[in-house]
Amino acid sequence: MTAQLLQFGGSLAAILIISWLAMHLGLGGDPRIRDDEHARELAEEAMCGFDPVELSIGRGRTAALLRNEGGQIMVLRRHGSHFVARLLESAEQVRLDNNSLTFTTGERMFGDVTIDLGSNAPEWAASLRRVGAETHA
């Protein structure tokens, strides 16, 4: 009986230590883009010097589209417990479906991205098509 209690106590202590460590390392959780300023910070972390002048955060707050003064468009999306970003060179396969915008970055590891942008979706779809046309002109 004593051996079982010691084993139980040791297991419980190990679980509590691992939980505390995971919490302090910021592991797990459900990260969301809090607001425009947070999206700007994430963009700066992803690409030093990217200063968005326009941005839209998806309704789920797990992705955003950002445009800088030079017209470059960055897609920012959650990847696990972190965020990843890519500059769009072209977006040949932009599809607008109601308030959602789905596009392919051409990068297999990044994959297709669908963002619910609400009423901003048609404007972003048009600007993404212009990026693709400028690249191929």
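This is a predicted model: local features need pLDDT of at least 70, side-chain atom pairs count only at pLDDT 80 or more; totals for chains, interfaces and linings use all residues.
**Exercise 1.** Work out how many helices and strands the protein has, and in which order the elements run.

*Solution.* Start by counting: there are three helices and seven strands. Next, follow the chain from the N terminus, which gives α-α-β-β-β-β-β-β-β-α.

**Exercise 2.** Decide whether the protein is as compact as a globule or more spread out.

*Solution.* Begin with the rule: for 137 residues, the globule rule gives 14 Å. Now take the radius of gyration of the protein, 21 Å, which is well over that value, so the protein is more spread out than a compact globule. For another view, look at the C-alpha atoms: along the principal axes they fill a box of roughly 75 × 30 × 25 Å.

**Exercise 3.** Find what share of the residues is buried, and describe the accessible surface.

*Solution.* Buried here means under 20% relative accessible area. By that cut-off, 33% of the 137 residues are buried.

**Exercise 4.** Describe how strands β3 and β4 are joined, and what sits between them.

*Solution.* First locate the strands: β3 covers residues 73–79 and β4 covers residues 82–87. They run antiparallel and are joined by six bridges.

Methods. Residues are numbered from 1 along each chain as its sequence is written. Side-chain values use heavy atoms; hydrogens and water are left out. Helices (H or I, at least four residues) and strands (E, at least two) are DSSP runs, numbered from the N terminus. The radius of gyration is taken over C-alpha atoms; the globule rule is 2.2 Å times the number of residues to the power 0.38. Buried means under 20% relative accessible area, exposed over 50%, partly exposed in between (1.4 Å probe, protein chains only). Accessible areas come from the Shrake-Rupley method with a 1.4 Å probe; for residues, only the protein chains shown count as cover. Two strands pair if DSSP finds at least two bridges between them.
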